[in-house]
Amino acid sequence: RYRSTLLINVGEPINVSKYIEENEGMSENDLLQGLKTLSADAIRNQILYIPDDENYDPVWTLSRISTGRIPMRNQEERLEANRATVRKLLTFKENNPVEATALFSRARAFDRERKRARISLNAFAPRKKGWHLAGITAALVALFPLFAAAAAVSLPTWLTAEILATIVKDPAFRNPLRCATITLLWSLLLIFAVIPAPFFTYDYFELARQTASSWRNRFAKKLNTEYETLFSIVGGLPCAD
């Protein structure tokens, strides 16, 4: 997501020479396969790893619901909490397959409904107060003339970025492409440091998107009830540790 907070974990280095020396009797193919396994395990230890099977999406959804009340800036705390939730869910699936299937189906249904309602998962927790949303909306209205001017001035830049983004199929790569395109094109105009118009335009876009999502969430009582129910169910599962 635009303006997301990123946590970078760097693990311990893998001593390839030592591994080869300790397994000198293995064939080259077996050595490579072993190194691939070591690398994969090392990477899994540094990220939130969820098995890539049919339950990936509901596990990820339930994990995000469970840790939704932890501030985005507390990335290490969120990572550990997400890992604990994933362990609980996978253990629950192993010990109670029927109940887990029902829970995962419920999570899928919730995700479908919130996407149909165009509500971001981040809008559920913490849920913004009405006065807070009214204040942000008023600020958006007041800043609209500046946004319109910035969008018009930087139209060739951000429009090019948007056109290029439509070509990329994987959503994860669209925002980096946008950022690189805007930075490159706007810098070529030699006014990036003076008038950061395209970045203000995207800031406004994102704030407007989040605010609209939060307003829709204010009136989505059933979805909020289901969110709280899923939060309680996951929180009530026994710890995997």
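This is a predicted model: local features need pLDDT of at least 70, side-chain atom pairs count only at pLDDT 80 or more; totals for chains, interfaces and linings use all residues.

Residues are numbered from 1 along each chain as its sequence is written, and side-chain values use heavy atoms, with hydrogens and water left out.

Arg 106 pairs with Glu 226 in a salt bridge, their closest N and O atoms being 2.6 Å apart. A salt bridge here is a side-chain nitrogen of Lys or Arg within 4 Å of a carboxyl oxygen of Asp or Glu. Since Glu 226 lies in helix 10 (residues 221–236) and Arg 106 in helix 5 (residues 97–116), the pair ties together parts that are 120 residues apart in sequence. Helices are DSSP runs (H or I, at least four residues), numbered from the N terminus. Glu 226, at 18% relative accessible area, is buried.

How many salt bridges does a search of the whole structure find? The search finds ten. Another of them joins Glu 113 to Arg 116, with the closest N and O atoms 2.3 Å apart. These two residues are three apart in helix 5, so about one helical turn separates them. Glu 113 counts as partly exposed at 39% relative accessibility, whereas Arg 116 counts as exposed at 56%. Salt bridges with shared partners also join Asp 111, Arg 114 and Lys 115 into one network.

In helix 2 (residues 28–44), Asp 41 and Arg 44 lie three residues apart, about one turn of the helix. Their side chains meet in a salt bridge of 3.0 Å, N to O. Asp 41 is partly exposed at 36% relative accessibility, and so is Arg 44, at 33%.

Ile 14, Val 16, Ile 20 and Leu 38 make a nonpolar patch of about 280 Å². Such patches take residues with over 30% relative accessible area and no salt bridge, joining like charges within 9 Å and nonpolar side chains (Val, Leu, Ile, Met, Phe, Trp, Tyr) within 5 Å; accessible areas come from the Shrake-Rupley method with a 1.4 Å probe, and for residues only the protein chains shown count as cover. Val 16 is found in helix 1 (residues 16–22) and is partly exposed, at 38% relative accessibility.

Terms used:
Buried means under 20% relative accessible area, exposed over 50%, partly exposed in between (1.4 Å probe, protein chains only).
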